[in-house]
Amino acid sequence: MEKVIKLFSALFLVVVVTIGCTASYNVKTVADEFSDPNSALITKMMTDNFINSYADPLKLVPASQLNAYVMVNKNTNKVEELGLFLINVRHSGGMMRVSNSWLNIREGDEMIILTDTKRIVLYAKRPRIDSRTSYNSVTRSIDTDYFDYAFYPIQKDDFKALATSQTFKLKVQGQNGVDVYKDQINAGLLPNFLKFYQEEIEGK
């Protein structure tokens, strides 16, 4: 259990430090000089897989992401855990107001994904929140970005259905309501999932 907790913490750090707004395909191996060289698991994770197509090209405004991660046993070359890591972003300040700051995702809260062929229901693990405040010199207001983070383990057949789908709709549940993503979806979102499936998961 301790090793799993450390892996989740490392995954969290990999994604948080790369928050930006691009549609490119990025995968990182979760390891550093402090990692256990005797660990049987290799963990890889996508970064910068933005959900919406209207993300700020200058990367000044954080945007919501849905990144896949996989833990593969080096000895068997088999997948031991597969999942999605959500960064849900809400903004407040200037012309943007939200009734509740964080969505406040709780352990076990649902994420529902609609694909061409499946309705996939996933459950949050290890949720946490964060925020970032800055001064907007244009609107002369204090802007705050509210971040919800959560892991959602997923079965391989469900991830394949997601990766090979032509359509995507997402509903995320939290204590303060739901956030829905179904319009202006990033054109690179699903192709990135497909590439991750083909390179990191298929046949394992």
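User: What makes a residue of this protein chain count as buried, and what percentage of its 204 residues do the buried ones make up?

Analyst: A residue is called buried when its relative accessible area is under 20%, exposed when over 50% and partly exposed in between, with a 1.4 Å probe and protein chains only; buried residues make up 45% of the 204 residues in the protein chain. The model is predicted, with pLDDT of at least 70 needed for local features and 80 or more for side-chain atom pairs, although totals for chains, interfaces and linings use all residues. Numbering starts from 1 along each chain as its sequence is written, and side-chain values rest on heavy atoms, leaving out hydrogens and water.

User: How many helices and strands does the protein chain have, and what makes a stretch count as one?

Analyst: Helices are DSSP runs of H or I with at least four residues, and strands are runs of E with at least two, numbered from the N terminus; the protein chain comes to three helices and ten strands. From the N terminus on, the elements run α-β-β-β-β-β-β-β-β-α-β-β-α.

User: What makes β1 and β7 the edge strands of their sheet?

Analyst: Two strands pair if DSSP finds at least two bridges between them. The open sheet has six strands in the order β1-β2-β3-β4-β8-β7, with antiparallel pairing, and β1 (26-29) and β7 (125-136) are its edges, since each pairs on one side only. Further in, β4 and β8 meet that criterion with ten bridges in the antiparallel sense, and Asn88 has Asp148 in β8 as its bridge partner.

User: How do you know which strands β9 pairs with?

Analyst: The bridges identify them: four join β5 and β9 in the antiparallel sense, and five join β9 to β10 (residues 177-181), also antiparallel. Val172 illustrates both pairings, standing opposite Met111 and having Asp179 as its bridge partner in β10. Two residues lie between β9 and β10, which form a hairpin.

User: What is in contact with Phe193, leaving aside its neighbours within four places in sequence?

Analyst: Contact means heavy atoms within 4.5 Å, and the residues in contact with Phe193 are Met46, Asn49, Leu66, Ala68, Leu84, Phe159, Leu162 and Ala163.

User: What covers the buried residues of α2, and how does that helix lie on the strands?

Analyst: Asp158, Phe159, Ala161, Leu162 and Ala163 are the buried residues of α2 (residues 156-163), and their cover includes β3 (65-73), β4 (78-92), β5 (110-114), β6 (119-123) and α3 (189-201). Angles run from 0 to 180 degrees between N-to-C directions, along axes fitted to C-alpha atoms, for helices over the stretch in contact. On that basis α2 lies across β3 and β4 at about 55° to β4, while α3 lies across β1, β2 (41-47), β3 and β4 at about 5° to β3.
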